Protein chains: 2
Amino acid sequence: MPPLTINLALSINRAGYKSTAPRQAVLRVVTGMRSPLTAHQILIRARRGYPPLGLVTVYRTLEILLALGHVRRLHLEGGCHTYAAANASHGHYLICFRCGAAVEFSQCRMQGMVRGLARRTGYRISAHWLELFGVCPRCQRSARTHTSQQEGAAHAHSPR
Amino acid sequence: MPPLTINLALSINRAGYKSTAPRQAVLRVVTGMRSPLTAHQILIRARRGYPPLGLVTVYRTLEILLALGHVRRLHLEGGCHTYAAANASHGHYLICFRCGAAVEFSQCRMQGMVRGLARRTGYRISAHWLELFGVCPRCQRSARTHTSQQEGAAHAHSPR
DNA sequence: AATCCAACTGAAAACCGTTTTCATTAGATA
DNA sequence: TATCTAATGAAAACGGTTTTCAGTTGGATT
């Protein structure tokens with residue numbers, strides 16, 4: 001829904017939320033992040049602009065952004081979440097399990113499969129989760145030279 | 001890998017694990033369950049056969065079964081997990097968010113999409129998560145008469 | 001500019017699923 | 001039967017998230 005260059009602050013004001021300093025610090029991080037971050041990572045970064053910020057406010061702000069569709073929550077192994085800025089309207093993510101960098105894609109051609117499955121099982125299918133995992137080009141490159149590298153967004157656990 | 005009617009006890013013995021009463025109580029529940037259950041639900045049921053059983057042993061046994069491929073872990077919203085007996089070798093699940101009942105399916109035609117995405121992004125893609133959500137036939141039926149019904153496996157939270 | 005109140009805030013505590021620790025128990029093998 | 005190690009359960013630790021609560025603040029109203 002939101003265009004690529006949306007002003008989040010404007011959007012949440014329009015939705016009836018107050019514009020506060022803690023909120024803005026979080027928004028600034030969310031609009032600027034290159035790859036998905038955990039709530040705690042967002043806290044660390046946002047405190048650079050507003051030191052007294054609390055984790056609770058990060059969660060509360062993310063909740064609003066989630067509801068407004070500006071942010072998506074990614075699920076990683078170990079019950080651990082990461083938050084990504086939403087670009088496409090029906091987005092899925094391809095996540096690097098080395099560094100956590102993610103690219104969003106929206107063309108998931110699953111209509112056929114979903115329809116067939118619905119016919120066979122009788123389920124009324126209304127949602128799906130799809131996440132792809134792999135190694136991003138940059139990590140592939142660095143893997144050839146170094147044994148390990150952890151950059152910014154890390155915190156990824158390998159799935160299955 | 002394991003055939004439909006596998007004897008789990010045999011399989012984990014062959015893998016070098018001891019055959020103990022607590023373990024067997026868990027195995028009996030896992031082989032008998034109709035839909036995915038949480039670790040705690042498995043505990044409750046297994047205690048019917050072996051009352052002193054502890055939650056820790058449930059987790060430890062599930063870990064073994066997971067490693068041997070006899071069980072799969074499903075992810076639900078809210079960082080909550082459910083364990084399902086694995087039937088097909090590359091299985092995904094279609095989960096009812098009313099009652100939690102799940103059907104496994106293995107034909108996920110994603111090779112094309114994965115290949116295209118790998119080409120476009122440069123990622124080396126090695127795994128994916130796919131879970132479908134909907135309402136099972138039985139819950140659809142009961143929805144017409146009752147307002148709500150909770151059966152056995154419940155505990156499902158609606159995704160996105 | 002001063003007042004007011006609901007929305008908002010951060011700290012601390014509660015929560016909840018999962019894992020670790022540790023002293024004890026019990027299979028399996030000799 | 002004796003022995004040794006894997007396995008066990010209770011309790012505590014853990015980590016992410018949510019709730020509670022008393023104090024603060026944005027912004028509409030005066």
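Predicted model: local features only at pLDDT ≥ 70, side-chain atom pairs only at ≥ 80, totals over all residues.
Figure 1. The mean pLDDT of chain A is 85, and 85% of its residues reach 70 or more. Over residues 1–5 of chain A the pLDDT is below 50. This stretch still has 6 contacts in the model beyond near neighbours in sequence. Over residues 148–160 of chain A the pLDDT also stays under 50, and the model has 31 contacts for them beyond four places in sequence.

**Figure 2. Ile42(A) and its surroundings.** Ile42(A) is found in helix α3 (residues 39–47) of chain A. Ile42(A) counts as buried because it has 24 C-beta neighbours inside 10 Å, and 20 or more are needed for that label. Leaving aside residues up to four places away in sequence, Ile42(A) touches Val26(A), Val29(A), Leu37(A), Val58(A) and Tyr83(A). Leu62(A) is 20 residues away from Ile42(A) in sequence; in space, the two are 9.9 Å apart, C-alpha to C-alpha.

**Figure 3. Strand β3 of chain A and the strands it pairs with.** Strand β3 (residues 92–96) of chain A is mostly covered, with 4 of its 5 residues buried. β3(A) runs antiparallel to strand β4 (residues 102–105) of chain A, and 4 bridges join the two. One pair of bridge partners is Ile95(A) and Ala102(A), the latter in β4(A). β3(A) and β4(A) form a hairpin, with 5 residues between them. In the turn, Gly100(A) has a positive phi of about 90°. With β5(A), β3(A) pairs in the parallel sense over 4 bridges. Here Tyr93(A) stands opposite Glu131(A), a residue of β5(A).

**Figure 4. The contact between chain A and chain B.** In this view 31 residues of chain B are in contact with 31 residues of chain A. On the chain B side, at least two residues each come from β3 (92–96), β4 (102–105), α5 (111–121), β5 (124–135) and α6 (137–145). β5(B) gives the most, with 12 residues. By class, the side of chain B that touches chain A has 19 nonpolar, 8 polar and 4 charged residues. Strand β5 (residues 124–135) of chain A pairs with β5(B) in the antiparallel sense, over 11 bridges. Leu130(A) has Leu130(B), in β5(B), as its bridge partner.

**Figure 5. The surface near DNA strand C.** DNA strand C is surrounded by 23 residues. The closest are Tyr17(A), Thr20(A), Gly54(A), Thr57(A) and His81(B). Two or more residues of this surface come from each of α2 (21–32) and α4 (55–68) of chain A, and from each of α4 (55–68) and β2 (80–85) of chain B. The surface near DNA strand C divides into 11 nonpolar, 8 polar and 4 charged residues.

**Figure 6. The surface near DNA strand D.** Around DNA strand D there are 23 residues. His81(A), Tyr17(B), Thr20(B), Gly54(B) and Thr57(B) are the closest. Chain A supplies at least two residues from each of α4 and β2 (80–85), and chain B at least two from each of α2 (21–32) and α4. The surface near DNA strand D has 11 nonpolar, 8 polar and 4 charged residues.

Terms used
Residues numbered from 1 in each chain as written. Chains lettered and ligands numbered in written order. Contact = placed C-beta atoms within 7 Å. Nonpolar A, V, L, I, M, F, W, Y, C, P; charged D, E, K, R; others polar. Pairing = 2+ DSSP bridges. Near = placed C-beta within 6 Å. Buried ≥ 20, exposed ≤ 12 C-beta atoms within 10 Å, placed from the backbone. pLDDT = per-residue confidence, 0-100.
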